[in-house]
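Please look through the model below before reading on.

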Amino acid sequence: MKKRDVALVLSSGGAKGFAHVGVIHALERNGFKIHSVAGASMGSLIGGLYATGELDNFIDFMDHIDLRELLHFVDINLGAGGIIKGEKVIEQLKKLIPDRNIEDLNIPYCAIATNIVTGEEKVFTKGKLYDAIRASIAIPTVFTPHVVNEQHYVDGGVINPIPVNRVYRKKRDIVVAVNVNDIKSKVSMPVPSEKKKKERKLPEALTQFLEKAEKLLPRNKHDRIGTFNITNKSINLMINQISDLTLQLTPPDIQIDFPIDCYGTFDFYKAAEIIEYGDKMAEKAIKAYLKK
């Protein structure tokens, strides 16, 4: 089958954005060629690393760490702006995949961020890759804003969570948009085929911290009320509304939707499971498109 060029758009969504990796795998397996990528928040991270040609290095790293190891990259911020500095995460990424200019990437790439002072959208198409990624993933109140050229930026999902209108296009390509914040899709959790990682006993101090944190969360899957959950769901609903309007104005050729509740925003230690879910959902959408 002749390869079809794809302009790929990856939405915001926290850890749910690992589904983007599964989508990429499914597209390539089905003979599609990704010629450009645009992303917001987690979509900017996955898209940017893909554009370096070294995304597999990052996925391999995530596949070999558990929750305890992941917490080593959480640098708590005692000042204002957010509870996590985000510096440790970026430094680790740079060790895995060296920084470079966006202009030097293998394919056209753009990351979306929000200027928190002016309220304007920032589309990063040049400059340092990790400046763009760090700005785009700065979830308000969670990560501190990122400063680039004296401008303060936060999560791109605040203003353009699925930037279909920003991806680079060329003649006769198709746009594939991945939305991991869909509130209309029914949650249907897959059974992971991969073996679960061996769980390690967490230190007592960490266990106590997690127990306290859980008091803010719902106590069971039927309890939808909790301080954190209310905030998180409110933000997700706003993001979903913006995404719907964007997709109506600029409809993609293939739209791959994932239920907003399929995984949690901070389930980063479930990367392999989420990637597999993304692959399966993308395969269904691709087959439906090809049948047309």
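The side chain of D155 reaches the backbone nitrogen of G157 at 2.6 Å, a polar contact in the sense of a pair of N or O atoms within 3.5 Å, where within protein one must be able to donate a hydrogen and the other to accept it, and where residues adjacent in sequence count only if both atoms are side-chain atoms. This is a predicted model, in which local features need pLDDT of at least 70 and side-chain atom pairs count only at pLDDT 80 or more, while totals for chains, interfaces and linings use all residues. Residues are numbered from 1 along each chain as its sequence is written, and side-chain values use heavy atoms, with hydrogens and water left out.

D155 is found in strand 8 (residues 151-155); helices (H or I, at least four residues) and strands (E, at least two) are DSSP runs, numbered from the N terminus. Although D155 is buried, it has no salt bridge, and R134, the nearest side chain of opposite charge, is 9.0 Å away. Here buried means under 20% relative accessible area, exposed over 50% and partly exposed in between (1.4 Å probe, protein chains only). A salt bridge requires a side-chain nitrogen of Lys or Arg within 4 Å of a carboxyl oxygen of Asp or Glu, and for charge Lys and Arg count as positive and Asp and Glu as negative, with His and the chain ends not counted. Leaving aside neighbours within four places in sequence, D155 is in contact (heavy atoms within 4.5 Å) with residues including S12, S41, T114 and P140.

T141 is found in strand 6 (residues 141-143) and is exposed, with a relative accessible area of 59%. E150 lies in the loop between strand 7 (146-148) and strand 8, and E150 is exposed too, at 70%.

The buried residues of helix 9 include A271, I274 and I275, and what covers its buried residues includes helix 1 (19-29), strand 2 (32-40), helix 3 (55-62) and strand 10 (254-259).
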